[in-house]
Amino acid sequence: MAFPQTPLDVRTELQIGGAWTDVSSYVYTRSPITIERGRKDEGSRVDPSKCSLTLNNRDGRFSPRNPLSPYYGLIGRNTPIRVSVPGTESYLALSGAQADIASTPDHASLGITGDIDIRVEATCDWYTSQLNQTLIGQWGVEGNRAWLLRIYGGNLTLLWTTGGLASAAFFWDFTLPRLPRRAALRFVLDVNNGSGNLATAAYWSTSISGTWTQFGTGTGSGVTSIFNSTAPLEIGPTQTGTVPMRAPLVGRVHRAEVRNGIGGSVVANPDFTAKTPGTTSFADGAGRTWTVGGNAAITNREYRFYGEVSAWPPRWDVSGRDVWTPIEAAGIQRRLGQGRKPLDSTLRRRIPSDSTVLAYWPMEEDKAASQFYSPLAGVKPLIVAGSIDYATDTDLPGALGLPHLHTGASLWGAVPGPASAAGRWHVEHMVNMPSSPGSATAYMDVFTTGTIARVRISLGGGSSHVRFDAYDGAGTLLGSQNSTTATTLYGGWRRLRLFCEPSGGNIRVALTWLTPDDQPGFFIDTIFAGSIGRVAYVSVPSLPAALDGIGMGHLAVFNTSNTSIFNLADAAFAGDYAGWRMDRLAGEEVVPVSLTAPPWESERVGTQASDTLLGLLQSAADTDGGILYERRDRLALAYRDRISLYNQAVALPLSYIVDGEVGPPLEPAEDDQQIRNDVTVTRSGGSSARVTQTTGALSVADPEDGGVGTYDESVTLSLYLDSQAEQQAAWRVALGTWDEARYPTIRVMLHAVPYLIDEVLALDIGDRLTIASPPAWLPPDLIDQLAFGYSEVLDQFTWDVYFNCVPAGPWTVGVVEDDVLGRVDTDGCTLNGPISSSTTTVNVATAVGVPRWIDSATYGSMFPFDIRVGGEVMRVTNIVGTALSQTMTVQRGRNGITKAHASGTPVVLANPMRLAL
């Protein structure tokens, strides 16, 4: 028998010694497991997830410092923990590790050399660039590689070879559309489309057996073929030889198919959904035998919490016979929130991440400093002399305070040699020269071990020149190059680049500069004969008076040429999309953050401020208006963007009249906790905009005039443009003046309605739930809510889930040309006379200057639609008249209400178009 007739199969596991250990038998049932996720009632931001439970510790195994514990030295602060229940469908669980895959040996039917059709149904991170995830392919060692399908940073890519060599592989990319958490992808390759070219196409669906929607198509020059590899077909093959390496996806694979030909015969089709949990080998419908390897597993476990145990407090009764350990585990957000140190500047964090950097001096020391240190191991501080004002210039967005150098100041820095010469080098730094010197003035020297022993950069000249001179080891001038159009080099922070690289059998030296928004100012280069060598040291010679007060910072030397690592970082990534900022920060800080939607569809944010990691992530989330929360299936943050909250399908439909679907108490809140009708939004470092709601029941008007008075709010956001402030303020007013009762808590008793378990397991933060057939003492309309958080209590025979909700109404936004959501409401229409509870012919009058209702004769295809009159919803099937007075034919009581209405009662659309942010 199933739950609740039998105990709920709650599994609690600790990661002990690198392996997950089931400790469910030690969890006391006298204290139910309690889990909290997402926003609490009235909360504006997500708190760390929590899981409370009590462990039987009579044998001392959960005392970390007990030498007799079998877990001695293996558990302690921040030991990972996860809690799960069984689902009804199995899946292949993949961790992303190279060995954790499913595979089938090569077979004659898999030797597809012509057209191929590949399909995979999975639940994973579709958009994060921190995971280069392979889906399926025959991708053996070099020389034995056929094809591979992968996702990376929001792209779906097919790679294939004609000769087995990855070094000569072909590839085709398509940008992924907005996908649900679980989706199926399909990629087809037509090796010869009949016109002498290859063709590709990509599709998505909600399942592998569903209707496919095409999202990409392309044609390549010439025909192609696929190498007949003898490698096994793998779900999650490793793509070696790349940086970063592509590894199996992190998440779930439900089903997969490979077809010989587009829509052709199926040669492999593993279906993990119907397999018994724990299965390690099986034959698919095409006869291929699949084996699950490493720590990959076929399982049906649905995780309700994933976090860390930070404390193991021992407790016992006076007799000492009952010993227990109550623990409260928390999600990753708790640990990340412990640190209070703001992250370094964007340049300081970005530049050391370049694998070719040899030396780097940020030059962001405070005012009492006497040297410029390097964060790179083995690189000594810059030797400094003369007058330097430290931490003086704060005008560069991507840096903290940078120094000004005065007459006679000098700098000298040694550059450690690379392990092997790259045959090219690159020196780059930030410079701020208020105006051009009257004549060419030596500014910086770069000394190398090559034929060109020294390159000198000079600033200024009669026409605001910038130049470089190249000298050999004896000091003989080998050549020069200058620009006569460098006027805009001066008067603000600029980026100077000097690099050297091979050019045929010669040497090419180039000098360029860019503005912080990456606009090039000039480019000059010259070809020399000889060898390149490496950079040995850099210096600023004794600074001439003509350059007094020059600002300088972030001096770096690279074992490559023309690197782009400074790009955007000097402007503190102003103009990032919110999702991209989160993704980049996650990569830089090595913190997993899942993006549940295309990052390029989120709001653009301003400069990246000096703040903690969580502060920066939350700032981006606040600007976009989405939800930053914690995953429940692995130790990671996740971001749900604002757009994904719009116009959702119902994830959990409930009915009040069905016992147990809506547990007591169902208590609507008619209060002013969320009212905001006067909102000012300020762009951080920029302008402000104010929006007020002046009409309606929740307007700023005094109560005696039909409003509620002023409920104001002032918010500062990281916006890219001043013009975004007004849009943001209007959106916040729309949310804050939504006139509907709130349902802070909706309870579902799963022990009473176990048939809802699958829907509840699938529902996540931000999903939509509804309650039909509310009690007669509440409004008759569907109770429509978004679950921004929940708590649940898991016991042996009871399972309660309490959803923390907000109205879904303001998140239902207009869609152009949609039959329901694309209709603009009229303004100022009333009943032109009273109607009874049974009247089906209604005369209405629209105010002068206000658009009238459409008429059936002209707009017949746009009927029917719903209106609301005095709380009753009516369906309009016909309208006669083209003047302000019109006659409607209606069907009454669409929401269960039928009553008489007085003349002058307002007539409005039941579902008017509302503007999104």
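Ring pairs link Y26, F62, Y71 and W312 into a cluster. Rings of Phe, Tyr and Trp (its six-membered ring) pair if their centres lie within 6.5 Å; planes under 30 degrees apart count as stacked, over 60 as edge-to-face and the rest as tilted. The model is predicted: local features need pLDDT of at least 70, side-chain atom pairs count only at pLDDT 80 or more, and totals for chains, interfaces and linings use all residues. Residues are numbered from 1 along each chain as its sequence is written, and side-chain values use heavy atoms, with hydrogens and water left out.

The structure holds 22 aromatic pairs. Take Y26 and F62. Their ring centres are 5.6 Å apart and their planes stand at 80°, so the pair is edge-to-face. Y26 lies in the loop between β2 (19-22) and β3 (33-38), and F62 in the loop between β4 (50-56) and β5 (79-95), so the pair ties together parts that are 36 residues apart in sequence. Strands here are DSSP runs of E, at least two residues long, and helices are runs of H or I, at least four; both are numbered from the N terminus. Y26 is partly exposed, at 22% relative accessible area. F62 is buried, at 0%. Buried means under 20% relative accessible area, exposed over 50%, and partly exposed in between (1.4 Å probe, protein chains only).

Now turn to W160 and F170. Their ring centres are 5.7 Å apart with planes at 20°, so this pair is stacked. W160 belongs to strand β10 (residues 155-160) and F170 to strand β11 (residues 170-175), so the pair ties together parts that are ten residues apart in sequence. W160 is buried, with 1% relative accessible area. F170 is partly exposed, with 38%.

Charges also meet rings. A charge sits over a ring if NZ of Lys or CZ of Arg is within 6 Å of the ring centre and within 35 degrees of the ring normal. R30 lies over the face of W324, at 5.4 Å from the ring centre.

Next comes an acidic residue, D469. Strand β32 (residues 466-471) contains D469. D469 is buried, at 7% relative accessibility. Its side chain makes a polar contact of 2.6 Å with the side chain of R467. A polar contact is a pair of N or O atoms within 3.5 Å; within protein, one must be able to donate a hydrogen and the other to accept it, and residues adjacent in sequence count only if both atoms are side-chain atoms. Leaving aside residues up to four places away in sequence, D469 touches R454, V455, R456, S458, L477, G479 and S480. Contact here means heavy atoms within 4.5 Å.

The backbone comes last. Most residues other than glycine have a negative phi, and most peptide bonds are trans. The bond from F3 to P4 is cis, with omega near 10°. P4 sits in the segment before β1 (11-16). P664 and P665 are also joined by a cis peptide bond, with omega about -5°. P665 lies in the loop between β42 (652-655) and β43 (678-683).

Two non-glycine residues have positive phi: M363 near 65°, and A572 at about 55°. M363 is in the loop between β24 (357-361) and β25 (383-385). A572 is in the loop between β38 (550-558) and α3 (578-589). M363 is buried, at 0% relative accessibility. A572 is buried, with a relative accessible area of 0%.
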